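Hi there,

Here is the structure you asked about, with the sequence alongside. Have a look first, and then read on for what turned up.

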Amino acid sequence: MSSDGMRGFQIMKALEKVRVRFAPSPTGHLHIGGLRTALFNYLFAKKHSGDFVLRIEDTDRARFVDDAQDKIYEALHYYKLTPDEGPREGGNYGPYEQSKRLDHYQQAAHHLIDSGHAYRCFCPENRLELLRKTAEKRGEIPKYDRKCANLSLENAKAMADNGESFVIRFKLDKQNVQFQDEVFGTVNQCIDESDPVLLKSDGFPTYHLANVIDDRKMEISHVIRGMEWLSSTGKHQILYRAFNWTPPKFVHLSLIMRTATKKLSKRDKDAFVAYYSDQLGALPEAVLNLMIRNGSGIRDFDADHFYSLQEMKEQFDLSLLGRRNLLLDHDSLQKYSRMAFKSADFESLYPRIVDLLKKDGKFEIPEKEHIRRIVSFLNSKEENFGFLSSLTSGEFNWFFSRPRSAQLLLDSHQNVDLKQIIKELLKLETCNSETLGEVATRHQLTLAKTMGIVRISLIGSKKGPPISELVEFFGMEECRKRLEIMLTLL
Ligand SMILES: [Zn+2]
């Protein structure tokens with residue numbers, strides 16, 4: 001092979017390499033749609049031995065939130081979607097935070113001025129405001145009137161050298177654009193927004209410029225992102241053309257909806273990933289299964305199967321991504337949470353449970369062996385258990401706490417000599433339907449009512465596992481301890 005041929009071959013190889021990016025803005029909590037975008041980027045990269053890049057799009061300084069990048073990393077680690085390159089991983093294409101790449105954007109914008117695709121605009125804010133107001137009065141979409149496009153390059157340069165403040169605008173004639181989307185097929189867009197700003201007067205790029213430059217410089221092969229970006233893609237195509245660059249492949253993901261017709265609201269707590277891990281205690285695999293529940297992108301999808309991340313990787317197929325919106329269905333999440341809990345091994349559950357108890361702060365953290373017994377109890381007796389939050393705030397917090405109040409017992413068993421009954425319960429060698437039946441008879445109560453007294457005394461709730469299971473789990477010694485506490489509370 002000639003050296004030219006060899007270079008051509010190497011370029012081909014480089015272009016073939018799958019490189020995808022997850023590019024969130026650090027503006028607050030990570031949205032559930034962001035998690036799905038990250039997941040599909042990750043699956044596609046891993047399926048094709050490619051690179052999964054994390055890029056932080058932090059050029060909008062007004063919306064910047066300090067710890068948002070930590071939250072993004074927390075989420076990616078929680079869901080095991082670890083980037084190959086990113087602000088903390090490093091890599092050959094860094095820096096990976098846009099605010100540290102300003103020279104790239106400035107260089108590119110000036111290159112577009114030189115090639116006649118862009119120009120400096122010196123219009124003061126009050127002139128632009130006037131243009132906007134006039135357009136609004138006429139019921140038109142505000143557009144820049146291209147006044148500065150008529151400045152000669154020399155004049156504009158002289159003004160800039162003189163220290164006059166300017167933005168760089170892209171010369172964007174009204175036009176139709178056609179492009180291919182891997183999900184939505186051939187897309188036709190009419191672009192009519194005369195002369196968007198590429199570079200602001202403070203030297204920061206706007207979203208569109210930064211996005212295009214970085215995808216190019218980072219050799220991104222496939223742009224997989226939410227379909228809210230589909231409407232910008234036509235403009236991006238024109239930018240690629242102005243640079244004389246071949247655009248990457250575009251893959252826009254359908255929306256995540258509440259119902260078939262209702263969108264998620266920013267006020268919905270389950271619209272953000274932190275809710276699932278921090279408040280609900282849903283296991284990560286459960287949420288990931290929810291993200292693929294309509295089978296989109298998964299070969300031979302089986303709705304009743306619980307997918308490990310490994311299986312998702314193996315069966316991921318970009319060509320099977322559908323246009324159908326994903327419904328954020330709580331019943332499905334519950335189902336997957338049950339399946340996730342059943343399939344989780346103890347060593348992975350243990351730190352999560354300890355973490356939950358620590359965060360909650362109301363409970364003493366028991367020994368590991370005790371937590372192992374709790375997990376095995378839940379696995380064998382509680383088929384609906386799925387959300388870890390019910391261990392601290394829900395129906396299972398009795399695992400970690402003894403009775404704290406007699407109120408429920410007093411309210412639900414009036415005109416009963418509770419003190420006497422508990423004293424008799426404390427004398428029992430064993431606690432079963434036979435021995436409880438004897439106590440019941442002595443006090444002219446039904447067995448069910450007596451068991452109700454025992455249950456509230458043990459776990460502080462009217463509902464819960466059968467007494468036999470509770471006694472087996474606690475052992476008589478712990479049962480007596482709890483009864484004694486209840487006696488002192490009465
Ligand atoms: Zn101007």
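According to the UniProt record, an unreviewed entry, residues 17-334 carry the annotation "domain: Glutamyl/glutaminyl-tRNA synthetase class Ib catalytic"; UniProt positions are given in the numbering used here, feature names are shortened, and annotations may be inferred rather than shown by experiment. Please note that this is a predicted model, where local features need pLDDT of at least 70 and side-chain atom pairs count only at pLDDT 80 or more, while totals for chains, interfaces and linings use all residues. Residues are numbered from 1 along each chain as its sequence is written, and side-chain values use heavy atoms, with hydrogens and water left out.

The span 17-334 is 36% helix and 15% strand, and its end C-alpha atoms lie 38 Å apart. Helices (H or I, at least four residues) and strands (E, at least two) are DSSP runs, numbered from the N terminus.

**The zinc site**

Which atoms coordinate the zinc ion? They are the SG atoms of Cys121, Cys123 and Cys148 and the OH of Tyr144, at 1.9 to 2.3 Å. Donors here are N, O and S atoms within 2.8 Å of the metal (3.2 Å for Na, K and Ca); water is not among the atoms, so sites may look incomplete. Along the sequence, the spacing of these donor residues reads C-x1-C-x20-Y-x3-C. The arrangement is tetrahedral because the 4 donor atoms subtend angles of 99 to 121 degrees; four donors count as tetrahedral if all angles lie between 85 and 135 degrees. Cysteine 121 and cysteine 123 are both buried, meaning under 20% relative accessible area with a 1.4 Å probe, protein chains only.

**The pockets**

A pocket is an open set of points on a 1 Å grid over the protein atoms alone, where a 1.4 Å probe fits, with protein on both sides within 12 Å along at least five of seven lines; lining residues have an atom within 4 Å of a point.

The largest pocket holds about 1,200 Å³ of space. Its lining has 41 residues, with His31, Gly34, Glu228, Trp229 and Lys266 nearest the centre. Helix α2 (32-47) is among the elements that each supply at least two lining residues, and α2 gives the largest share, 4 residues.

The second largest pocket holds about 520 Å³ and is lined by 23 residues, of which Tyr78, Ser277, Asp278, Asp355 and Lys359 lie nearest its centre. Two or more lining residues come from each of α3 (68-78), α9 (273-280) and α13 (346-360), and α13 contributes the most, with 6.

Best wishes

Notes:
Four donors count as tetrahedral if all angles lie between 85 and 135 degrees; four count as square planar and six as octahedral if opposite donors are over 155 degrees apart and all others between 65 and 115; anything else is irregular. Buried means under 20% relative accessible area, exposed over 50%, partly exposed in between (1.4 Å probe, protein chains only). Grid points are joined across faces, edges and corners, and a volume is the space filled by probe spheres set on the points.
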